[in-house]
Amino acid sequence: MNLKHKIFALTILPLLLALAVIALLVWQRAEDIADQQAKTIEEALLTSKRAELKHYVSLALSAIEPHYQHGLADANAQARAKAALRALSFDSDGYFFVYDLTGTNLVHPRQPDLEGRNLWDMQDRQGRYVIRALVEAAKAGGGYPRYGWEKPSTGQLTEKLGHVVLLDRWGWVVGTGIYLDDVAQAIAEARKRAGDNARNTLYSLGGIALVAVLIVFGAGLALNVSEQRLADDKLKTLAQRIVTLQEEERARVARDLHDGISQVLVSTKFQFELAQYKVEHGGVGAADDLRKGIDDLSSAIHEVRRISHDLRSSILDTLGLSAAIAQLANEFELRNWVAVNFDNQLGDFELPDHEAIALFRIAQEALTNTERHAEASEVQIKLVKEPRQVRLAITDNGQGFDATRIDRDGGIGLRNIRERVEHLGGQFHMTSAPGCTRLEVCLPLSLEAHT
């Protein structure tokens with residue numbers, strides 16, 4: 001996958017994933033709302049039908065009240081009450097029924113063949129005992145049981161809501177019911193409307209998502225192309241800086257060789273030639289010239305060691321980071337007459353070469369900046385091993401500088417420190433004020449580190 005495809009994937013795929021999750025949440029929420037709306041509608045309709053059933057049963061009781069009040073245990077009175085209930089009806093499927101407490105049907109205008117039959121064990125399609133539920137509801141003081149029953153107008157089993165009361169003197173269960181197919185239809189319509197609304201919402205969301213994808217794609221592509229160009233420019237600048245630093249380092253080494261070692265060696269050569277001449281011609285003072293030449297040769301050797309140490313500390317390779325920084329601090333102290341306090345809490349812990357070299361170079365660069373610019377009288381160096389990182393902090397009491405300008409016009413040294421730290425995945429902090437400048441570097445411990 002080339003860079004353009006990666007840019008496209010990293011820009012668009014997360015957005016599409018987020019939109020898909022949003023769409024799923026919207027759909028689930030719509031389903032929840034539809035369920036809640038259906039339950040609300042169902043409860044409202046059932047409440048209305050319960051009130052309607054209660055009213056119908058009250059009318060039926062009013063119609064048979066004269067017979068019930070004055071015809072206790074009178075077969076004629078009960079017959080007249082049955083006839084009155086058979087004559088009552090409402091709507092096309094509304095009627096009244098009567099059962100005794102054993103489940104025997106006494107009145108059923110729409111299905112007269114049921115009269116006289118004991119239906120105590122009758123069950124609907126859902127396994128509910130219909131007559132038992134009616135009798136138990138009546139005994140409990142009147143209730144609204146639901147059950148399946150054949151609808152007269154269609155001949156099909158339909159869910160029905162009943163309401164019954166108990167006439168305890170006669171042992172009658174009198175009631176009626178309303179079929180709930182209209183409730184089911186109303187709920188289905190409500191769910192359909194909610195589903196349509198959800199789909200319309202998803203379509204709108206899809207349209208918005210498409211526009212957003214196009215906008216984000218265009219903006220992201222432009223931004224990524226711009227960032228790529230900026231990264232290329234930074235890479236070119238970095239490459240040029242590396243070349244510049246190499247040339248500067250070569251120039252510095254050349255100056256050190258020419259101004260230091262070369263002059264010392266020339267002087268040494270002159271002293272040895274002079275001693276040779278005096279020896280050959282029997283002159284006196286040849287031994288003094290040899291001693292001076294040996295002293296100059298020792299100075300040349302010391303200068304070679306200094307240059308070699310600046311290029312790479314031999315102590316860093318042999319004794320480790322702590323000893324190398326200690327030597328660096330000691331040389332700085334002797335060279336500048338500045339008090340240096342090195343707090344070494346790293347102990348015998350050994351870092352991988354690349355991390356140890358980075359921290360050594362950072363300390364070297366920081367002390368060089370302090371020597372050149374800080375005019376400090378005291379320097380604190382702290383090297384600490386923490387559970388997941390190694391921390392190097394260098395603090396001086398010099399004149400300070402504006403630390404906010406590091407990224408804009410900071411020196412090459414500080415930029416090099418930042419780039420070293422970022423390359424190793426660490427953190428770089430720099431604060432400065434008159435009397436206190438603090439540089440702190442934290443590098444994560446790699447798997448190669450060991451004690």
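Biologist: Which residues in α2 are buried?

Modeller: Good place to start! Buried means under 20% relative accessible area, exposed over 50%, and partly exposed in between (1.4 Å probe, protein chains only). In α2, that makes Ala77, Ala81 and Leu85 buried. One note: this is a predicted model, where local features need pLDDT of at least 70, side-chain atom pairs count only at pLDDT 80 or more, and totals for chains, interfaces and linings use all residues. Residues are numbered from 1 along each chain as its sequence is written, and side-chain values use heavy atoms, with hydrogens and water left out.

Biologist: Where do the buried residues of α2 fall, seen down its axis?

Modeller: The arc is taken from the directions from the helix axis to the C-beta atoms. The buried residues of α2 fall within an arc of 75°, so they line one face of the helix. The face turned away from that buried side carries the exposed residues Ala75, Asn76 and Ala87.

Biologist: How many residues does helix α2 have, and what does it reach from its first C-alpha to its last?

Modeller: Helices are DSSP runs (H or I, at least four residues), numbered from the N terminus. The expected span is 1.5 Å times one less than the number of residues. Helix α2 (residues 75-87) has 13 residues and reaches 18 Å, close to the 18 Å expected.

Biologist: What does the count of disulfides come to?

Modeller: A disulfide is a pair of cysteine sulfur atoms within 2.5 Å. By this rule, the count is zero. As for accessibility, cysteine 442 is buried at 5%, while cysteine 436 is partly exposed at 38%.

How values were computed:
Helices (H or I, at least four residues) and strands (E, at least two) are DSSP runs, numbered from the N terminus.
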